[in-house]
Amino acid sequence: MERVYRQVKHAGAYNIALGVVLIVLGITLGVLNIVTGGKLLKTRKQILF
């Protein structure tokens, strides 16, 4: 039984670490999208369609 508890503990720690990494990645990508969009809006008069 102890072995099962240890595995569950490690799985929980892994899930928490993965969640933190995904949150940081999401925030970083969101900020980069906002910055890129701002640059595109700044130069929108030069873009021809």
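What share of the 49 residues of the protein chain counts as buried? The answer is 0%, where buried means under 20% relative accessible area, exposed means over 50%, and partly exposed lies in between (1.4 Å probe, protein chains only).

Before we go on, note that this is a predicted model, in which local features need pLDDT of at least 70, side-chain atom pairs count only at pLDDT 80 or more, and totals for chains, interfaces and linings use all residues. Residues are numbered from 1 along each chain as its sequence is written, and side-chain values use heavy atoms, with hydrogens and water left out.

**Overall build**

The protein chain has one helix and zero strands. Helices (H or I, at least four residues) and strands (E, at least two) are DSSP runs, numbered from the N terminus. Helix H1 covers residues 2-42, and the C-alpha trace of the chain spans about 65 × 15 × 5 Å along its principal axes.

Leu25, Ile27 and Lys39 are each found in helix H1. Here is how they are classed:

| Residue | Relative accessibility | Class |
|---|---|---|
| Leu25 | 44% | partly exposed |
| Ile27 | 55% | exposed |
| Lys39 | 58% | exposed |

Now for some distances. Ile27 and Tyr5 are 22 residues apart along the chain, and 33 Å separates their C-alpha atoms. For Lys39 and Val20, 19 residues apart, the C-alpha separation is 29 Å.

**The surface**
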